[in-house]
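Here is a short briefing on one protein chain. Keep the sequence and the 3D view side by side as you read.

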Amino acid sequence: MTTVRQRRVGKGTEAAEDQPSEEKNVKPDGKVLSDHTGGKLWNVLSVTVGGIVAISLGLLTSVYVATLHENDLWFSNIKEVEREISFRTECGLYYSYYKQMIQAASIQQGLHGLVYDNKTESVRTINILERMNVYQEVFLSILYRILPIQQYLEPVYFYIYTLFGLQAVYVIALYVTSWLLSGTWLSGLLAACWYITNRIDTTRVEFTIPLRENWALPFFAVQIAAITYLLRTHLQPVQERLTLMAIFVATFLFSLTWQFNQFMMLIQALALFILDCFDMLPTAKVTWLYIIQISGLLLVCVLQFFNSMILGSLLLSFNASVLIARTIQKNLKKGGLLNRLGKLILHVLLVLCFTLLINKFIKKILNLESDEHIFKFLKAKFGFGATRDFDANLYLCEEAFGLLPLNTFSRLSDTLLFCIYVFVLFLMTVVAVIVAFRNLSGSNQVQLMEKMEECTITLKPDAAYNLIHTVLFGCLALSTMRMKYLWTSHMCVFASFGLCSTEIWKLILKCIHLYTSRRTHVIKYSIPIITLLYISYKFWPGIMDELSELREFYDPDTVELMNWIKSNTPNTAVFAGSMQLLAGVKLCTGRTLTNHPHYEDKNLRERTKQIYQIYAKRSPEDVYRILRSFGTDYVILEDSICYERRHSRGCRLRDLLDIANGHIMDGLGENEPDLKPSLYPRFCEEIKKNLPSYTIHFTRVFQNKTFHVYKLAKHK
């Protein structure tokens, strides 16, 4: 187990209502003076100050997370093997390809090693660039090789500082989005402060550095900021074209760096579809966004050697279906309320049918089954029947894929973020429903809407998009805890926008008959400032204490294992074991693996289930035969898995294997009636007794408190 111990001492502008009036004042002497020049100078000053604050906050966030990482592990003082072990599970696997490229004799040789890789999966040659999203590691390794920095900066620091630097991009993008929505950079300042003070729930970059989401989410935030700007009215053609280009680049980089890109962009496409159906966004801009999503994903598909999982994604099928259905239904947005509702229902059904048909057709042609485990997981998660599928249950039993814990909301409420977010969300949802009803009603309901005008506001396209975005990603986060980072960061943006929005406060004050322009202006700035002062007063001491707390990486058992492997096994040796541990074995020792944590491949999933029979109730002959079929030379058994207590009964790895094999689970508790006792004891327990039936196939060559390594006999 890895533990940490205490260290030993050794572009937006101000809102439209704030713009200076075009009216001219006439002095008694007859001279006409315009406020236009003064207003322009004020805007330039505001943008300059806001920009400086944004960049400063971004850089401070980078330094903050980098300091936390150093303080938590004493990264600068520990050995290289300890640094590499700190990249846990799949993080270690991804970093290993960066290390491989750095250590290659040349860039060409490094790329050849990735395209024709035979060390990640034994007895198979796979294309890493096709299977995994590691172009960022390739780019970074090439950059490190060509820049004159090798004498001053170790490769690992170049890597982690790049990731921490991306946090600056992330925070600046959140800041700019909030600024664009509210019209004041004070909103961006509040969003950034909330992001930092809610760090536990907004990012995990400091302890999962190479994780794909830490590369992708900054680009996703940039894309959202660009979309928010695109949806503003009265953009010049040049501004619109440049913004579309920025959206394309951000979408492409987001798609290139994360294997779950298609699912996130599908939710984004659903948001655009909903808003377009209710006539809340300009159709032409929505069409461009659909096309950008398709083209960005297809470009990534080409770079990943026509990865079939991308071609079979629901996103491509959905976007194509929307464009086809819109061509068929040309008069979708004409007619009265009932007529529009009828057309809308037909349109939704048409898009749904086209999506399923196109997706089924593509998967049939490509014989695609790479993502079937995701749909099995979703089916079981939302109660559409229990499953004994090992892969689906592996996800269901992981806390990261469970429901969002309730204590998340109490933490977010401590900074006032969640309370304000819910308040703003409620008001904006009410406004959105009214606007949607008005849009669907057409001219027949104009008089009714005019009567309601005093207590309603117009929902701008950029605000409408961010509203639906936060609702849909909120639903995703509530259902799957791992995805909360997509929601909580945007929560900071949305709450700060609402608190600094003239329209929101105007609506509230009008509804309670207290509206004046001056009062709205005072509240718009005073409430956010008071909130910032509260956050500073309550959380600044805690942040300082956190930055002063010094710890040290401590995992002697894993270090001992890795050093033994490097010293006592040949470079060509093949290792079997748990996915998480083997990623570290590849990174620290360069040995060949039987399986690994990148689970988006059907053959690998089947292989992993077979390898994991070392923790099931199987005969030594069966286990030996399975391991040798994958060319295994050594197998690593972990007591933390064999005698697992972290999960409850039914969710331990050994229980999942027993259920999948049709065997009764260990311990007290119920079993399904058709499960039967196994004829054999549990392999990982029985092998330690050194019985002849085991020693004929397996010889123990290494042991410590955590790990047991056995060498497989090579029978003819």
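This is a predicted model: local features need pLDDT of at least 70, side-chain atom pairs count only at pLDDT 80 or more; totals for chains, interfaces and linings use all residues.

The structure holds 29 salt bridges.

- Domain 1 gives 15 residues to the contact, and domain 2 gives 21 residues.
- Between them, the two domains bury about 1,600 Å². Of that area, 57% is on carbon and sulfur atoms.
- On the domain 1 side, R388, F390 and C397 lose the most area to domain 2. Together they make up 45% of what that side buries.
- Two salt bridges are found across the interface of domain 1 and domain 2.
- R605 and D391 form a salt bridge, with their closest N and O atoms 3.9 Å apart.

**Salt bridges around R131**

- Side chains of opposite charge can pair when their charged atoms come close.
- R131 and E121 meet in a salt bridge, at 2.4 Å from N to O. R131 lies in helix 5 (residues 128-131) and E121 in the loop between helix 4 (107-115) and helix 5, so this pair ties together parts that are ten residues apart in sequence.
- R131 also forms a salt bridge with D601, where the closest N and O atoms are 4.0 Å apart. This pair links distant parts of the chain, 470 residues apart. D601 sits in the loop between strand 6 (592-593) and helix 28 (602-611).
- Are these residues buried or exposed? R131 counts as buried at 12% relative accessibility. E121 is buried at 0%, and D601 is buried at 11%.

- R411 and D201 meet in a salt bridge, at 2.6 Å from N to O. R411 lies in helix 19 (residues 407-414) and D201 in helix 9 (residues 199-202), so the pair ties together parts that are 210 residues apart in sequence.
- R411 is partly exposed at 27% relative accessible area, whereas D201 is buried at 2%.

**A nonpolar surface patch**

- Which residues form a nonpolar patch on the surface? They are F375, L378, F382 and F384, with about 400 Å² of accessible area together.
- F382 is in the loop between helix 17 (372-381) and helix 18 (390-396). F382 is partly exposed because its relative accessible area is 46%, between the 20% and 50% cut-offs.

**Positive phi angles**

- Most residues other than glycine have a negative phi.
- D279 has a positive phi, near 60°. D279 lies in the loop between helix 12 (261-277) and helix 13 (283-303), and counts as partly exposed at 34%.
- F306 has a positive phi too, near 55°. F306 lies in the loop between helix 13 and helix 14 (308-311), and is exposed at 55%.

- R326 is in helix 15 (residues 314-328). At 19% relative accessibility, R326 counts as buried. Beyond its neighbours within four places in sequence, R326 contacts residues including D276, Y290 and H347.
- D639 is in helix 30 (residues 639-642). D639 counts as buried at 19%.
- How far apart are D639 and R326 in space? Their C-alpha atoms are 58 Å apart, and the residues are 313 apart in sequence.

How values were computed
Residues are numbered from 1 along each chain as its sequence is written. Side-chain values use heavy atoms; hydrogens and water are left out. Patches are made of residues with over 30% relative accessible area and no salt bridge: like charges are joined within 9 Å, nonpolar side chains (Val, Leu, Ile, Met, Phe, Trp, Tyr) within 5 Å. Accessible areas come from the Shrake-Rupley method with a 1.4 Å probe; for residues, only the protein chains shown count as cover. A salt bridge is a side-chain nitrogen of Lys or Arg within 4 Å of a carboxyl oxygen of Asp or Glu. Helices (H or I, at least four residues) and strands (E, at least two) are DSSP runs, numbered from the N terminus. Buried means under 20% relative accessible area, exposed over 50%, partly exposed in between (1.4 Å probe, protein chains only). Contact means heavy atoms within 4.5 Å. Buried area is the accessible area (1.4 Å probe) that two parts lose on being put together, summed over both.
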